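The following exercises are to be worked from the sequence and the coordinates. Each task is followed by a solution in steps.

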Amino acid sequence: MNLIPNLVANAATPAAEGFLTPEVVLTLIPAAPLLAAAVIAVLGKPLLKERSHLVTVAAFLVSFAMSLVLMFQDLPAVATQTAPDVVTSAIDHDHQLTYGPAVVAPIFQWVDIGNVNVRVDLRADAISAMMLVMVTGVSLLVALFASGYMHGDPGYPRFFGAVSLFVFSMTMLVLAPSFLMLFVFWEAVGLCSYLLIGFWFKKPSAAAAAKKAFVVNRIGDFGFILGIFLIWKNIGSLTFADVLGRPDKLEALATQSPELVTAICLLLFLGAMGKSAQFPLHVWLPDAMEGPTPVSALIHAATMVTAGVYMVARCTPLFVLAPQAQVVVSSIGAITALVAALTALTQYDLKRVMAYSTVSQLGYMFMALGAAGAGKDHATFAVTAAMFHLFTHAYFKALLFLASGSVMHAMGDVIDMRRFSGLKHALPITHWTFLCGAGALAGLPLLAGFWSKDDILAALQTAAEHSPYPQVYKLIFVVAAVTALLTAFYTFRAYFLTFHGPEKFPEEAGHHPHEATPVMAWPLRILAVCALGIGLLVGPLTHWFPDNLAQTPGLPHHEAHGMHFGLMAISAIIALVGVGVAFAVYVKGRSSIDGLPGKFGPLHKLSLNKFYFDEIFTGAIVLPLRGLAKLSFAFDQLLIDPIVDLFGAIPRWFSSIPRVLHNGLVSSYAIVMFTGLLVIVLFALQVLAG
Amino acid sequence: MSPDYERFLVVGAALFALGAIGFLSRRNLILMVLSAEMMLHGVGLSLVTFSRLHQSLEGQAFTVFVLTVAACEAGLALSLILLLYQSKKSLDINVWTEAREADLPPPVEVSGVPSKDEPQVFPKLTPAGLPPDPSRFSSQPTRDINASPKKGGQS
Amino acid sequence: MGTPLLEILLPLPVGAAAVIWLLPSARRKPKIVAGILGVISLFLLGRVTHSSGSIERDVMFDVFAAVALVSGAMMVTDKSPAYSALWFALVTLAVCGLFFLQSAPFLAAASVIVYAGAIIVTFLFVLMLASQSGGSNYDQFPSHGVYATVAAFTLLGIMTCSIHRWSPDTKTDAIPGQLQTKAMVGTANPLSRANDTPTGSLHELGRSLFGDYLYAVELAGTLLLVATIGAIGIAPRRSQGTL
């Protein structure tokens, strides 16, 4: 069973005996990207210039290696120890940092006021390690790809500096031992996302998209921090060990006031909705595609947007106590998945199709997370399904984005699928790697997405059987199946439109489009291999992923679920049907594509216009807020400003008389000085003489 | 002999006060510096008196430093004055009004009418030997300080 | 001592009136009035000061003090800057005389050399370089003349009162007219060691300057050097034209 970990652990053990203590390993993971960001910030523009990527790639390499060491050597070592006290003994304060098998590196005391004790520490357990390996691995490949993709951009060092900063923030987010640090780096990744979406800040649409992402995320973060406040108020601590590591306390709280736990969960989920682009806060993610494509691949597909999923999975001990909240999570996920998939059907912008697909797949993950509402016995299975999908999705979606970027690169920054077609001969590497990613996303049998999607369906089925709300979960199951069909359809629609049909290039591409350079091609190849095999490798074949994730403290123990051959057959059929329909429509019936919109009429229009969400937001939120802002502005102009001006005018008025003395004549100044001297001498004498 | 420190101190104070009058009322840059030097004289006199009063040399040593500083000050002040004169062609302190409040009008000339009928009077030395032939200097710029023979130059 | 305050303050308004009379103005004023006022003022002042008991010393003091004060008043009021500079030379000489009276011969000599020999000559040169060919009205119209005089004499009054109030003449242990230094205590510099053999004031001053105040003397020398460089740097070049 534990084939890979043992192999790697055995290989790594002798080399890592020396200075690579668990603390050093843990510290190096975020420290390397931070150092890279600092170096690029200082030296990037004057010295490194087009060599900036070397620093970043080296740092990511270190982080990735350390993540592997952490996962395959340090964590198993901790897990075998019976007493976790050995690890925590290094920490000299009352609050226990860890609860269960975890590696901890104390860094420093941040706040120590009264009974508020906030430490900045690093803590990694199984779920963190999984996220770390995924984040640093994808980052490494994306950074390599970007070194070719961004070549010649004037902001080259800035790009790599921001990406390094992002990886630092993301690893810190994953390593956070408390809700407070989680929130801090939650915001930090938001900042990096803002910086990178608005990377081409001179483009108005990019600046607007960055602002939109930031503002929409604020809505979610508002809920998140309210949830954190509630936890602080009711539990009195923010460390995971105190909150999540005391199931007895939580259960007492849940029996005492169940609505409170539900409220906490819903507020935390609101934060996750913002970060992970869930309905109705999903509007920012498609617009975020204004950033450079590697950024879309890294931040807006593979890593940052999954922070919400990670956070909810991390809070499983809290969520299992609130079945109502779980239903909400699942429902929101279902709505998001369906709406985004429907929108993706008609988009012509290749990256936007991928963006809606990302939203849809994130919805999938939340569906699975919500399925943990089935009860304690099934929670781990549901969370594992979600995290498994997160894991596989990161690889194939990053691959799809990078391949789209490669297409975009070749087509001279044209991304509209109507303007090019039949690229399979011109861009063979891109074509094959894209096909791998598309197959994985569509859920073709044996590919990465197939296994994880299957697990999610199984989790939903379990929830429909055991949850107190069977009807809802049945409906969600149907939605998931429909979404899977739609996913297969739109993915291959994009594939067929781009790579099949008559060969056509936009004029921006020049006469002969160039295939990706080796530095761009190799990350694509590696990711393609992952998309093909990683699902099978870590999932059903070795059972390593679920076994490993089950080590995560806080997840209730459960017996392993078997294979679901019936479900597998269903999802395989769904995927194949979706691909077949896409093939029929876009390859066989290519001549009649132009008539399609007419047939569906208003439905097509609805999907093309993204269900008018942007318009609804404008009407419901932006316009009232703008009105309020105008009102405030008027208030400020008409009332506040005159009052402030008045306070300014009073001294000015008083000073208008002595100001005349300041006439620039030296003799006047001398006279005044002399008079002052006279007064002082008189006064001093008065005092002395008594 | 009875002690007589007081009268020296009074003379020092009086010199200081007279210097102050000069500094405050004269508009000629050079005379302002000169008045400041006179104030230093008053201070020096007082210091020497105190030195005698306290039977210590500190006061005298201090006066030596005052003297040094006065010499430095005079040298620097004079070169600065030359610089100022070069840019405005006047030694009047009141032509330098740039330090005033930006929106104030330039100060009005305190006493505007120059008395043209009373030209500047310069000391005249009794010529010794033969008077120089004026024709030899006619090509030179006329800054002859004895150039007002018709008025007689009596003060 | 026992002198009433009024008597001490009486010379001041008279002197002030004399200076105000002397101040340059458009109207011609007979200088004799100011002269009479000045003489009255000086007489009143001389009446209230203590005499030392030695007639030669008193006479010398009266002469020097009178010359200093009259020259000072003339200096600040003369319309011609050149005359002012010459009056200033006279002030300097008179002050040097007063230095002599207080057994400070080195200072007297230094003052004559530095002021009369160097500074006044330089001033005169600058005056010649920078005076305009026509009459300059700024020398004939003082600014704030009356106010300045009143203020300065007020200050003088204050100073006179305080000198009189804490009169040093009540000290009786000193020998007037003589400077007798006491041994410096607690100085590490061997040069400042008190010498038992009686030496003159000049010797003592030299020892003090190059003993107690060695660093200050070095600093003052540096200051002079810096000022010289500065003056050379600031002064307009001949190549820049004019002057």
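Helices (H or I, at least four residues) and strands (E, at least two) are DSSP runs, numbered from the N terminus. This is a predicted model, in which local features need pLDDT of at least 70 and side-chain atom pairs count only at pLDDT 80 or more, while totals for chains, interfaces and linings use all residues. Residues are numbered from 1 along each chain as its sequence is written, chains are lettered from A and ligands numbered from 1 in the order in which they are written, and side-chain values use heavy atoms, with hydrogens and water left out.

**Exercise 1. Determine the secondary structure of chain B and the share of its residues that count as buried.**

Step 1. Chain B has 3 helices and 0 strands. Along the sequence this reads α-α-α.

Step 2. Buried means under 20% relative accessible area, exposed over 50%, and partly exposed in between (1.4 Å probe, protein chains only). Chain B has 155 residues, 51% of which count as buried.

Step 3. Contact means heavy atoms within 4.5 Å. Taking the contacts in chain B between residues at least 6 apart in sequence, 55% join residues at least 24 apart.

**Exercise 2. Characterise the interface of chain B and chain C.**

Step 1. The size of an interface is often given as the accessible area lost when the parts come together. Buried area is accordingly the accessible area (1.4 Å probe) that two parts lose on being put together, summed over both. For chain B and chain C it is about 9200 Å², with 70% on carbon and sulfur atoms.

Step 2. B:Glu6, B:Arg7 and B:Gln55 supply 8% of the area that chain B buries against chain C, more than any other three residues. The contact involves 85 residues from chain B and 109 residues from chain C.

Step 3. A salt bridge is a side-chain nitrogen of Lys or Arg within 4 Å of a carboxyl oxygen of Asp or Glu. The rule finds 1 salt bridge across this interface. C:Asp58 and B:Arg7 meet in a salt bridge through their side chains (3.1 Å, N to O).

Step 4. Helix H1 (5–25), helix H2 (29–53) and helix H3 (58–88) of chain B each supply at least two residues of the side that touches chain C. H3(B) gives the most, with 23 residues.

Step 5. Ala, Val, Leu, Ile, Met, Phe, Trp, Tyr, Cys and Pro count as nonpolar, Asp, Glu, Lys and Arg as charged, and the others, Gly among them, as polar. The side of chain B that touches chain C then divides into 48 nonpolar, 24 polar and 13 charged residues.

**Exercise 3. Is A:Thr384 buried or exposed, and which residues are in contact with it?**

Step 1. A:Thr384 lies in helix H18 (residues 376–410) of chain A. A:Thr384 is buried, because its relative accessible area is 6%.

Step 2. Leaving aside neighbours within four places in sequence, A:Thr384 is in contact with A:Phe545, A:Pro546 and A:Leu549.
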